[in-house]
Amino acid sequence: MSTISKYANLAKVLYWLRSSLFFASIIGLSQPVLAFELTQISMAPAQWRTKGDVSFQHDQAKQDVLVVNKGYAELKNTNFSNGTIEFDTKFVGGRITGITFRQHDDEADALYFRPSADCAVSDECIQYMPTAHHLFEWDLYGQYQTHAPIDPDGWNHVKLVLSGARMSVFINGARSPTLAVGTLVGGFPDGSIRLHGPASYAHLSIAPNVVDGLPAAASSDPAKSDLRYVRHWLASKPFVMPSRMDATFQENTGIDPVYSSVPKEAASWKPIALDPGGLVNLTRWYGDAQTGHAIIGIWLKTTINADHAQIKHVDIGWTREVWVFVNGKLVFANKNLYGIEGASKEPDGRLSLTNGSFDLPLRKGANHIVVALDDNFGGGAQHFGWGLKMRLANVDGIDQIDGRDARAHVTGCSDAQAMHGRDGPVSARSRTRQCRAAGKRANVVAPCC
């Protein structure tokens, strides 16, 4: 062996020894592993913390299988951030299930499966969404659902590649991503991993920091620089929306609110930061905020200044019931009740700017836009996200007024930066500390707190 070869081999050994300082605490193991080593995760009870109906079994080949009939199994001592997660899963009929990652208490990123015989063509087969307050925000992130080559009756191989604010999902050996997520918005750059039921899981492996060249920076958000989006909102405290049985829809629906009930005290309002895409994500701040079968409502308001009297056409997306007032006059009211014929807007009851549109009459000077919104999901069932988007046809002759400088209140913590920092992922503790300090200074609700 040549001297050069000896030194080259020595350099490799030193490199791997240095790498071994990355201990298995990165992924929840008790033994040290190399930072770029593919590690098989045991499907044995000692490795998992469970909630619900969970069992540990063996298949015909005597391979360990984790069976989650109800609830979830959480990998112990895990603080996974970036890398590759792979596993095999078998579904139970057409029942919905999935994996959450970067989990902190009730907040996480999630990949969910809706197995069906038409998964190859159904755009509802798999979906990414964040979770907050134990709620899966399906209806706010319809842009991240797609078809997939899933076998609803057999085993399926799933591969997730996570890098900073991005994720690529590969199903059953697909060479190109089955689903590509440009901006993860779960709220934390790292955290634990949970496998949810009903489903069976086997052959779980984790490769920390193996990202296959996937960039860490979030994809560009067109709404961020699009001045047509209405963005400087103040939010009231949630309240119980008076309701009654609607004879047409045979559902309990909100009674039309009156403008005089809008809170007048300044202390009742706080600026609310937007999620990517110009979304006012109320689930992030308030969950479903419900008690029993009560419908919960909230008021939002903003001000638009016009240099002359004019009419602006507005596209609006919302869940579930909405009323829009301009200068005290009701100009738009509608429903987007999931699964209710005649009251569910395309696409399939999910929030989208295609949900509806209306004309916004503006007078010269300041115009007060006030929106009442409720989270009516029928019968107290689990809710799947409530929120609002509004986009003007153009901004000619108008200016959005932000009395409390909503841009300042999320300094260092806006849009994707709220989840991953200005220059890349930040620690959850540092992110929360910085955010709470900024929020306390400006008396706001910010997306990273």
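These legends accompany close-up views of a predicted model.

**View 1. The whole chain in outline.** The protein has 449 residues, and 53% of them are buried. Its secondary structure comprises five helices and 28 strands. Among contacts with a separation of 6 or more, 72% link residues 24 or more positions apart. The accessible surface is about 20100 Å². Carbon and sulfur atoms contribute 53% of that surface.

View 2. Aspartate 109 lies in strand S6, which spans residues 107-113. The aspartate 109 side chain instead makes a polar contact with the side chain of tyrosine 128, at 2.4 Å.

**View 3. The surroundings of aspartate 109.** Leaving aside residues up to four places away in sequence, aspartate 109 touches Ile99, Thr100, Phe101 and Arg102, among others. Tyr128, Met129 and Pro130 are also among its contacts.

**View 4. An open sheet of four strands.** The strand order is S20-S27-S22-S25, and the pairing is antiparallel. Strand S20 (280-281) and strand S25 (356-362) form the edges. Each edge strand pairs on one side only. Strands of a sheet pair through backbone hydrogen bonds.

**View 5. The pairing of S22 with S25.** Strand S22 covers residues 310-319. Seven bridges join S22 to S25, and the two run antiparallel. Glutamine 310 stands opposite leucine 362 of S25.

Key: Residues numbered from 1 in each chain as written. Predicted model: local features only at pLDDT ≥ 70, side-chain atom pairs only at ≥ 80, totals over all residues. Heavy atoms only, no water. Polar contact = N/O pair within 3.5 Å; in protein donor to acceptor, adjacent residues only side chain to side chain. Contact = heavy atoms within 4.5 Å. Pairing = 2+ DSSP bridges. Buried < 20%, exposed > 50% of the residue type's maximum accessible area, 1.4 Å probe, protein only. Areas by Shrake-Rupley, 256 points an atom, 1.4 Å probe, with all protein chains shown as cover.
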